[in-house]
Amino acid sequence: MTHAVSRFICIHGHFYQPPRENPWLESIEHQESAHPYHDWNERIAVECYTPNAHARILDEQGRLRQIINNYEYMSFNFGPTLLSWLERHVPHTYRAILDADRASSARLSGHGNAIAQPYNHMIMPLASTRDKVTQILWGIEDFTTRFNRAPEGMWLPETAVDAETLDLLAQYGILFTILAPTQARRFRLSPADAWTRVDGSALDPSVPYLCGLPGGRTISLFFYDAPISHAVAFEKLLDSGDEFQKRLMAAFSSQANRAQLVHVATDGESYGHHHRFGEMALSYAIEKILADPAVQLVNYGYFLQGHPPTAEAEFIEDSSWSCAHGVGRWSRDCGCSLSRRSDWNQRWRGVLRESMDLIRDRVDELFERETASLVKDPWELRNRYIRVVLDHHSNPEEFLTSAAGRHLSAGELRTLSALLEMQRNRMLMYTSCGWFFDDISGLESRQVLRYAARVLQLAEPWDPDLQPDFLTHMASALSNLRPYLRGDEIFVRQILPHVADLPQVAAHIGIFSLFRNVPIEDGFFCYEMEAEDFSRFEFGERVLIVGSVTVRNHLIVESRKLVLVVVYFGGLDFRCSVSDYVSKTGYYSLKRDLSETFQTRSATEVVRKLDRYFPGDYFSLEDLFAEQRSQIIQSIIHEMYEPQAQLFEAFYHRNKDLSRFVKKQSERVADTFRVSAQFVLNRSFTNELHKLESGSFPEGLPALMDEAKEWGIQLDVTAAEKLISNRIHALATRLRDDPQDGTVLDGIEGFLNLASDLELHLQLGEAQIVLLRIARSFRAGQVQELPRRFCDLAEKLAVSTDVC
């Protein structure tokens, strides 16, 4: 390969979010801290992943004039678990990422921008050899399936590196990885030169380095430009795309008589999430670089093929980019923290690591033992299990039968699938974020503990002592937060209540069906329920549900036929009992007895019958999965308090004029009125938001917000801003078919005027992009004429339409 230029730029983004799914549902539950979004993945997708697929460039007047898919021009890696989430929840962004890799591959002689990552961001130097192999192979298989090509490079989680990991990368065909310059131990520019120790600034980051490995293999290392990368991540360099481009160009040496690669590497979330509008600074810099004939914007694979390394480097074993103490941040109290509070410590990190290792060693032993009679090589089976994961567990039976090479009984299928799911969760419990932050009670640490709980649950039939042993070990992990819970207490109080099994899933669906008209045989997350009988009896406000159902878990080849009974006495007074199905005669006898008692006897007698048929524990509202439990509680509260709400409404409106007079006289308004005003106005505000969600116009919103301002009531305007922005975008998409649709144009203008009157701050980037693309289609001759009203709207939304 020959190159017309000797100056190259590569901008790498490491796009990653830890897996956040509930291990018993394989779905992310609502995260209040991500408000106004459902969860942090959704929020960061809106702020970063989607904007980078359609990054905006403005003209001198601040109008949108160009859109760039940043992924087409930057090197990037996406965590496999994040890509899986994007595929399911933001498919248009997911497709844009794949399209960008294909486009960059066509532009750069077959070298796509995407590189791979070990599957779930495990710190590789701290992993067992088996885990390193599986993490690399799962990362490669996930990448190959999605991008339809083999990866050339692989990003290491936290750039944490050791010799064994690099040797395995080379063994499985990975050509290069990217490290921080502080991870270099020494280098030499050619085999004939003496080795030079790195003091933090002597290493030249503009060339690749060949690294010899213990097994005789080699791998290429790129050490990113630390000052520029740090400025991108922490010094607000992304405040200006022009300054970003100038800083990259200034890094070239005028003295060099060889090819130079100026490259930076940061978290991809820098471009939009950590730094608002960072994706726009990146797109502006990309445009300027592409317009400069003296420099070429490339990726690492392209540069490496044209300029193979002549220099050599050795790295520091067990080092990383985010811990000055090697990999201490994920194994001990090394001193790294975000809060830097002198009265805190992170000694819990070591205990958590040791406790997880205890689980790993015990379940690995039982995995080998219990699979010995089923498959020849259990670890090779685990390596290939990624195929089932990528197929969304659609047909694990076929995979397992093929792996065994013979027919498997239902019990053998369940055993093998349970053991493999145990191993998958066993790896997820090592996700790096569980150790990164400052306290074991944090969201990220609790998430890896949830994966550990799933492992313990699956291992329990073979090793019932494992959970008690784990808790004993966790007792020495101390939280810094009051009431200073120990690790075992956090696990028992905050993790174990989330553990679910098939009877609890049946109870959940039964209780949920009391309040939501959901078809009982619809899929429920990773479960499905088949009802042989599902009967509902009502007597006044009381409800009785009796069902004979089969619940199946898609993740494990497991099903169970159950009898469930739910009885509801009103308010929060209900219970659900579940037992194994014995016989058809027994079931219908139970159903007849309970239904007759329910309709003719007292609630006490019904409960006595339930206790006789279902001795032992029963399920209540607390046993529902968190998000659905919240929905039901809100539904019950709304129904219970509706009469009181009407009294508040009447009190507020009856005393509003009097309170205005009192306020005008500079007298204090009564607290009872303030409380009623807060309740009534927030309730009315919620009703107006419901209108937005249903597609209606919230005509009462202006007067409502005026009243809230009058009484000093703070309303959650961020929710209104989000909904109105979404409505404008949805309406704008309808203009693709007819740019002069008066109804749509009126609707958009109405929402814009409403937001202006209420001083709301809308996010109109997506609507701008839609309008610019319509204008472009006109320029391409696909639209005969752009109407004046469309051009006026584009101008109002700051979109350049030079064809108008």
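Helix α2 (residues 80–89) is mostly covered, since 7 of its 10 residues are buried, where buried means under 20% relative accessible area, exposed over 50% and partly exposed in between, with a 1.4 Å probe and protein chains only. The model is predicted, so that local features need pLDDT of at least 70 and side-chain atom pairs count only at pLDDT 80 or more, while totals for chains, interfaces and linings use all residues. Residues are numbered from 1 along each chain as its sequence is written, and side-chain values use heavy atoms, with hydrogens and water left out.

**Helix α2**

- The buried residues of this helix are Pro 80, Thr 81, Leu 82, Leu 83, Ser 84, Trp 85 and Leu 86; helices (H or I, at least four residues) and strands (E, at least two) are DSSP runs, numbered from the N terminus.
- These buried residues pack against β1, α1 (40–53), β4 (75–78), α3 (91–107) and α4 (129–147), and contact means heavy atoms within 4.5 Å.

**Strands β1 and β10**

- Strand β10 (residues 260–267) is mostly covered, with 7 of its 8 residues buried.
- Strand β1 (residues 7–15) pairs with β10 in the parallel sense over 8 bridges, and two strands pair if DSSP finds at least two bridges between them.
- Within this pairing, Phe 8 has Leu 261 in β10 as its bridge partner.
- Thr 266 belongs to strand β10, and Thr 266 is buried, with a relative accessible area of 3%.
- Apart from neighbours within four places in sequence, Thr 266 is in contact with His 12, Gly 13, His 14, Ser 229, Val 232, Ala 233, Tyr 271 and Trp 321.

- Strands of a sheet pair through backbone hydrogen bonds, either parallel or antiparallel.
- Strand β15 (residues 558–568) pairs with β16 in the antiparallel sense over 7 bridges, and Val 565 stands opposite Ser 577 in β16.

**A nonpolar surface patch**

- Leu 572, Ile 637, Met 640 and Tyr 641 form a nonpolar patch on the surface, with about 390 Å² of accessible area together, and accessible areas come from the Shrake-Rupley method with a 1.4 Å probe, where for residues only the protein chains shown count as cover.
- Patches are made of residues with over 30% relative accessible area and no salt bridge, with like charges joined within 9 Å and nonpolar side chains (Val, Leu, Ile, Met, Phe, Trp, Tyr) within 5 Å; a salt bridge is a side-chain nitrogen of Lys or Arg within 4 Å of a carboxyl oxygen of Asp or Glu.
- Tyr 641 lies in helix α22 (residues 626–664).
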